[in-house]
Amino acid sequence: MLFALCALAGLLVVVTLFDLLYQLAGDATPAISRFGLGFLGHTTWKPGFNIEGAGALIYGTAVSSALALVLATPLGIAIGLYLSMVASPRVRATVGPLVEMLAAVPSIIYGFWGLVVLVPFVDHLEPGLHDALGFIPLFGAPSTIGISVLSAGIVLTVMILPIISALSRDLFLTVPEELKDGAAALGATRWEIIRGIVLPSTASGVGAAVVLGLGRALGEAIAVSFVIGDVNAIHLSVLQPGSTLAERIANQFQGALNNLHVAAMFYCGLILVVIGMLTSIAARAIASRFDVNRTLGGGVL
Amino acid sequence: MSIASRLVLGESGRFDPTAPLTPSGNLRRRTVVDRTVRVIATAAALAAVAMLVIVVYGVFVRGVSSLSLAFAFQTPQGLAGGGIFNYLVGTLEVVALGATIALPIGVLTGLYLTEFAGPRSRVAGSLKLALDVMQGLPTIVVGLFIYGLIVIPQHVQSGLAASIALAIVMVPLMARASQEVLLLVPNSLREAADALGVNRWRTVLTVILPSAVGGIATGAILAIARAAGETAPVLILDSIYNPNQTTFDIFHGVPTVPMLIFTSVELPIPEAVARAWGAALLLMLMILIANIGARVWLARTRAKMAR
């Protein structure tokens with residue numbers, strides 16, 4: 001009896017996932033039949049003229065998430081190393097939860113804070129960045145108000161940093177003490193232990209952590225919608241405004257002009273789900289080799 | 001001269017017992033690298049903590065002036081006056097209903113994984129994968145899914161639809177938390193119950209669940225805190241409501257705190273923005289306090305179970 005109930009609950013979880021795919025595909029059908037797979041590459045988004053393409057959105061999603069990964073991966077691994085290898089257990093017990101608290105702050109607050117505090121700051125920062133690094137196309141002419149792909153990348157960095165750092169800390173703590181002691185007995189410094197023992201033995205787990213962070217960054221809608229500008233354009237420069245798949249849905253769903261507009265956003269959602277499922281599966285595939293425990297303090301992350 | 005002999009003999013080349021044992025040459029380079037890495041790692045951790053402080057402080061200074069008892073216990077007057085009582089009640093309704101749906105599903109799934117499926121079971125493996133995928137779903141997509149499933153057929157946005165979407169957000173968190181705690185229940189308890197000839201379901205209800213209830217509850221609190229701040233599903237499913245009225249009709253639009261913030265941010269009325277900051281601060285404080293409380297409790301439960 002209880003077994004049946006439990007099995008039913010598990011079945012419900014699986015069925016929900018399949019129904020989600022089915023439902024999104026169904027509601028996206030008008031857009032799918034009209035635009036086909038060309039939707040993925042087409043960069044015009046003019047709902048008033050019944051022309052929609054997700055090219056610019058996919059580009060913006062990829063660039064903002066890549067930016068967040070580039071910033072958050074080294075930072076997150078460094079924090080993981082600090083918490084597992086440098087800090088005393090007492091400091092670890094205080095600083096670790098503080099870093100994880102970054103994941104508890106809701107995305108609406110990151111968005112609001114990003115718009116009011118971060119965007120003006122980035123606005124100050126951008127001319128300097130452009131002057132110093134302007135020879136790289138990524139740092140072309142800045143936008144005038146600080147609403148940019150860079151701002152979105154920074155907000156996403158803060159949001160995925162706790163995921164990467166908490167996961168990598170947990171991984172580094174699983175490295176057997178004997179191995180580390182053995183290296184220390186051979187005269188290795190702390191850094192040599194990290195480089196020779198800790199990082200190689202956890203590399204794939206850290207890779208999984210990074211992929212999980214990427215999944216979160218790709219799907220973040222609300223926080224990004226405040227700071228990226230929802231401009232349907234492909235700029236090489238990250239100092240210009242842009243748009244992402246999730247953010248477009250958050251910005252335009254309520255004011256959708258017609259059924260095709262709604263269907264196009266369902267199509268965007270379908271793309272997001274497929275990407276999200278692939279990242280989850282990839283992270284699991286990478287991590288399962290080491291059976292990484294990805295629960296993190298009761299599963300806040 | 002080798003490093004070792006330099007260390008013992010000192011720079012003069014003669015044995016000098018008073019020479020300080022300082023690393024030199026290659027060893028000095030290695031210690032410098034080591035120290036640099038430690039400094040970088042410490043700086044990174046400080047930067048993350050500083051980020052938390054900056055965000056919390058930024059919301060605090062902008063929101064604290066709005067906070068008062070009236071802010072929490074009055075309904076709004078017009079676009080900017082009064083408090084946010086109806087929004088708080090609405091969030092409570094939507095989240096509580098979502099948690100009521102998610103908790104049994106999450107706990108039963110956790111029970112299935114720990115008590116009924118074997119450790120090498122294929123079914124359990126795919127269920128865990130499904131939970132992972134569910135947890136990784138962008139929440140805005142969950143909103144779209146429920147929009148197609150419930151809002152389109154019913155032709156009306158509702159708090160109920162938002163609750164169901166939040167339940168989908170909470171189920172994987174609750175299932176994982178339950179699974180974690182249930183794994184901590186000592187096997188000797190199960191074996192003792194088996195030896196007494198007790199049914200498996202009776203063992204679960206009277207032995208296993210009671211000893212895991214603390215951990216399950218804290219996991220539930222963490223999931224609820226997560227759901228309370230979710231904006232994307234509410235934006236898709238529950239954005240049409242009467243902003244000045246307290247409602248208990250979950251079959252129609254229910255005002256929620258995240259939506260208040262989302263809609264007030266770009267209003268050209270300073271008082272409305274101030275109210276949004278107050279709401280943001282209140283929401284953030286509630287979520288952070290729930291998180292801290294649950295973590296402290298969880299650590300204590302775990303320590304107790306590990307004994």
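# Exercises on a predicted two-chain model

In this predicted model, 76 residues of chain A are in contact with 80 residues of chain B.

## Exercise 1

Describe the interface of chain A and chain B by its area and by the residues on the side of chain A.

**Solution.** 

Step 1. Begin with the area. The size of an interface is often given as the accessible area lost when the parts come together. For chain A and chain B, the buried area is about 7100 Å², and carbon and sulfur atoms give 77% of that area.

Step 2. Count the polar links. The rule finds 11 residue pairs in polar contact across this interface, both residues being at pLDDT 80 or more. It also finds three salt bridges between chain A and chain B. In a salt bridge, the side chains of E192(A) and R30(B) meet at 2.6 Å, N to O.

Step 3. Locate the residues of chain A. Helix α1 (residues 2–35) of chain A supplies the largest share of the side that touches chain B, with 17 residues.

Step 4. Sort that side by class. It divides into 53 nonpolar, 15 polar and eight charged residues.

## Exercise 2

Determine how domain 1 and domain 2 of chain B meet.

**Solution.** 

Step 1. Domain 1 of chain B covers 3–63, and domain 2 of chain B covers 69–306. Their C-alpha centres lie 44 Å apart.

Step 2. Examine the contacts. Six residues of domain 1 of chain B touch six residues of domain 2 of chain B. The two domains bury about 580 Å² between them, with 89% of this area on carbon and sulfur atoms.

Step 3. Identify the main contributors in domain 1 of chain B. V59(B), R62(B) and G63(B) lose the most area to domain 2 of chain B, and together account for 67% of what that side buries.

Step 4. By class, the side of domain 1 of chain B that touches domain 2 of chain B has three nonpolar, two polar and one charged residues.

## Exercise 3

State where in chain A confidence is lowest and where it is highest.

**Solution.** 

Step 1. Take the chain as a whole. Chain A has a mean pLDDT of 89, and 96% of its residues reach 70 or more.

Step 2. Compare the elements. Confidence is highest in helix α2 (residues 55–86) of chain A, at 95, and lowest in helix α11 (residues 296–299) of chain A, at a mean of 36.

Step 3. Over residues 291–301 of chain A, pLDDT stays under 50, and the model has 35 contacts beyond four places in sequence for them. Where pLDDT is low, the predicted coordinates should not be read in detail.

Methods. Residues are numbered from 1 along each chain as its sequence is written. Chains are lettered from A and ligands numbered from 1 in the order in which they are written. Side-chain values use heavy atoms; hydrogens and water are left out. Domain bounds come from an automatic or database domain assignment. Contact means heavy atoms within 4.5 Å. Buried area is the accessible area (1.4 Å probe) that two parts lose on being put together, summed over both. Ala, Val, Leu, Ile, Met, Phe, Trp, Tyr, Cys and Pro count as nonpolar, Asp, Glu, Lys and Arg as charged, and the others, Gly among them, as polar. A salt bridge is a side-chain nitrogen of Lys or Arg within 4 Å of a carboxyl oxygen of Asp or Glu. A polar contact is a pair of N or O atoms within 3.5 Å; within protein, one must be able to donate a hydrogen and the other to accept it, and residues adjacent in sequence count only if both atoms are side-chain atoms. Helices (H or I, at least four residues) and strands (E, at least two) are DSSP runs, numbered from the N terminus. pLDDT is the predictor's confidence in each residue, from 0 to 100.
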